[in-house]
Amino acid sequence: MKILASLSLAGGQGKTTTATLLGKHLAAAGYTVLVIDGDPQSNLTTFLGHEVAQNEPTLLEVMKASVELEDAIYETKIKNLYLIPSDDGLDNAQEYLSTTGMGAMVLRKRLSPGQGTFDICLIDSPPQRSQICKSIIGAADRIVVPCEATVKGFGSLVRTLEAVNELKDLDAAKAELMGVIPFRDRWVGANQTQESRSVIEAMREEVGEDLVLPSIRESEQFKKAISQQTTLAELGVPDLAYPFDVLVERIESMEAVAVA
Ligand SMILES: Nc1ncnc2c1ncn2[C@@H]1O[C@H](COP(=O)(O)OP(=O)(O)OP(=O)(O)O)[C@@H](O)[C@H]1O
Ligand SMILES: [Mg+2]
């Protein structure tokens, strides 16, 4: 099982959009995919049409090891796509993770029983540098950072990469950067806006040409694909899914990850 996190330490950068659409894209390509909602705002859970019932196990219970991993995994309406949901109770994981002393290691350990069952695990993260966020970074083999093509977005990219590097420095994480996805890349007709162009250029200088993936264009179609619980291809705009096509190729070419 290859574990990827959709990560950014700022709000509204496209983390949940990326996790949702990439998950559907991989499932449609025939992979068995586990998506995990690592954000107490639980947008991913909502986007996949799941409602957490009272007393139903979620990511919180998985983190605390009060249930088996498989008891918190639910089918979605999409073939091959499974979900570990969350609700705002996930905030209670903060204290648990900070008192274990090994918070960054917890999620990776909890996911190890899924190694033989799923091909790919995608984790959506919260927008703060929290204990939950550290545990997600610690669990990941690869990190995808969506980043709004604005000056503010670029600042969040720099902070996000710093946070990952700090954990790697302490040997609390081993995730490599799989790529940065410019989010809400704006074009007017055939012309990219000046801000989008210059910010994406700055991203290339920051992480290197090869690690800046094709953009998620500014478009209502992405919101539509999510709210109508469909894919960009099914909406008739397969070209907009190009960033996910490239991500699938990169995931396919990842080396097999050792069983934890
Ligand atoms: N291609 C797009 N063009 C314009 N807006 C988009 C596009 N894709 C998604 N959006 C909108 O951008 C907003 C932010 O996206 P998303 O929720 O994926 O970000 P996030 O990083 O997960 O945010 P948070 O940190 O709050 O969880 C959402 O309101 C979403 O509907
Ligand atoms: Mg989100």
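Predicted model: local features only at pLDDT ≥ 70, side-chain atom pairs only at ≥ 80, totals over all residues.
Residues are numbered from 1 along each chain as its sequence is written, chains are lettered from A and ligands numbered from 1 in the order written. Local features need pLDDT of at least 70, side-chain atom pairs count only at pLDDT 80 or more, totals for chains, interfaces and linings use all residues, and side-chain values use heavy atoms, without hydrogens and water.

**View 1. The shell around ligand 1.** Around ligand 1 are 19 residues, each with a heavy atom within 4 Å of the ligand. Q13, K15, T16, T17 and R217 come nearest. By class, the shell has 5 nonpolar, 8 polar and 6 charged residues; Gly counts as polar. Helix α1 gives the most, with 3 residues.

**View 2. Polar contacts of ligand 1.** Each contact is a pair of N or O atoms within 3.5 Å. A polar backbone atom of G12 is 2.9 Å from a ligand oxygen. The side chain of Q41 places a polar atom 3.3 Å from an oxygen of ligand 1. For the side chain of D39, the distance from an N or O atom to a ligand oxygen is 3.5 Å.

**View 3. The largest pocket.** Ligand 1 takes up this space. The pocket holds about 450 Å³. Its lining has 24 residues, with G12, G14, T17, F47 and F183 nearest the centre. Helix α9 gives the largest share, 5 residues.

**View 4. The second largest pocket.** This space is about 170 Å³. Its lining includes K24, H25, I78 and E234. By class, the lining divides into 5 nonpolar, 4 polar and 2 charged residues.

Terms used:
Polar contact = N/O pair within 3.5 Å; in protein donor to acceptor, adjacent residues only side chain to side chain. 1 Å grid on protein atoms, 1.4 Å probe; cavity = no way out; pocket = protein on both sides within 12 Å on 5 of 7 lines; lining within 4 Å. Sits in = over half its atoms within 2 Å of the grid points. Helix = DSSP H or I, 4+ residues; strand = E, 2+ residues; numbered from the N terminus. Points joined across faces, edges and corners; volume = space filled by probe spheres on them.
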